Amino acid sequence: MGKDGKGGGKGKGKQASASDEAASKGKGKAGKAADGLGTCTYVKARHVLCEKQGKINEAYKKLQDGWLSNGDKVPPAEFAKIAAEYSECPSGKKGGDLGWFPRGKMAGPFQDVAFNTPVGVTSAPFKSTHGYHIILAEGRKN
């Protein structure tokens, strides 16, 4: 996807302003964004974590070849197979399942992507302080 900080700023700026705009336009009687992104308290997610960018890109290519290039969503069971094969996180043994976690539990970029990826959607690869990730958002709740 790009490096943290500089380099991907232009795309990130557009994404942030689009979500800020959606949040301000989407606020209604309930005071929440219409799409629910970034406003929930908990998210349920699976992920793949790799130390090397080449390995995460290989895992993402498998997801693209199987579903994403056709515009399909990756089924959780299929994402779990990729996580079990590629992830270097202990959660890989559980198909990358992180369960439900609250806002503030995960570090920086990981939390941002997890809380801003629509349910059922797989994120593009991104970098955090722990390595390279792909996230599948499975649910949201307050």
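Helices and strands are DSSP runs, helices of at least four residues and strands of at least two, numbered from the N terminus. The views below all show a predicted model.

View 1. Read along the sequence, the elements follow the pattern α-β-α-α-β-α-β-β, which amounts to four helices and four strands.

**View 2. The open sheet of four strands.** The strands stand in the order E2-E1-E4-E3, and their pairing is antiparallel. Strand E2 (97-102) and strand E3 are at the edges, where each has a single partner strand, so one side of each is left without a neighbour in the sheet. From one strand to the next, the twist averages 50°.

**View 3. Strand E1 and its two partners.** Strand E1 pairs with E2 in the antiparallel sense over five bridges, and one place to look along this pairing is Lys44, whose bridge partner in E2 is Trp100. Toward E4, which also runs antiparallel to E1, there are nine bridges, and here Leu49 stands opposite His133 of E4. Seven of the nine residues of E1 are buried, so this strand is largely enclosed by the rest of the structure.

**View 4. The pairing of E3 with E4, and the loop that links them.** Three bridges join E3 to E4, and the two strands run antiparallel; in this pairing Phe126 stands opposite His133 in E4. The loop between E3 and E4 holds Thr129, a residue that counts as exposed because its relative accessibility is 72%, where the cut-off for exposed is over 50%. Thr129 and Phe110 are 19 residues apart in sequence, and their C-alpha atoms are 9.1 Å apart in space.

**View 5. Helix H3 lying across the sheet.** Helix H3 lies across E1 and E4, and its direction runs at about 40° to that of E1. Within H3, the residues Phe79, Ala80, Ile82, Ala83 and Tyr86 are buried. They cover an arc of only 165° around the axis, which puts them on the same side of H3. An α-helix has 3.6 residues a turn, so residues three or four places apart point the same way. The buried residues of H3 are covered by elements that include E1, H2 and E4, whereas the face turned away from this buried side carries the exposed residues Ala77, Lys81 and Ala84.

View 6. Leaving aside its neighbours within four places in sequence, Val48 is in contact with Ile56, with Phe79, Ile82, Ala83, Tyr86 and Ser87, and with Tyr132, His133 and Ile134.

**View 7. Thr122, a buried residue in a loop.** Thr122 is found in the loop between helix H4 (108-116) and strand E3 (126-128). This residue counts as buried because its relative accessible area is 10%, where the cut-off for buried is under 20%. Apart from its neighbours within four places in sequence, the residues in contact with Thr122 are Leu63, Leu68, Val74, Phe79, Ile134, Ile135 and Leu136.

Note on methods:
Residues numbered from 1 in each chain as written. Predicted model: local features only at pLDDT ≥ 70, side-chain atom pairs only at ≥ 80, totals over all residues. Heavy atoms only, no water. Contact = heavy atoms within 4.5 Å. Buried < 20%, exposed > 50% of the residue type's maximum accessible area, 1.4 Å probe, protein only. Arc of directions from axis to C-beta. Pairing = 2+ DSSP bridges. Axes fitted to C-alpha atoms, helices over the stretch in contact; angles between N-to-C directions.
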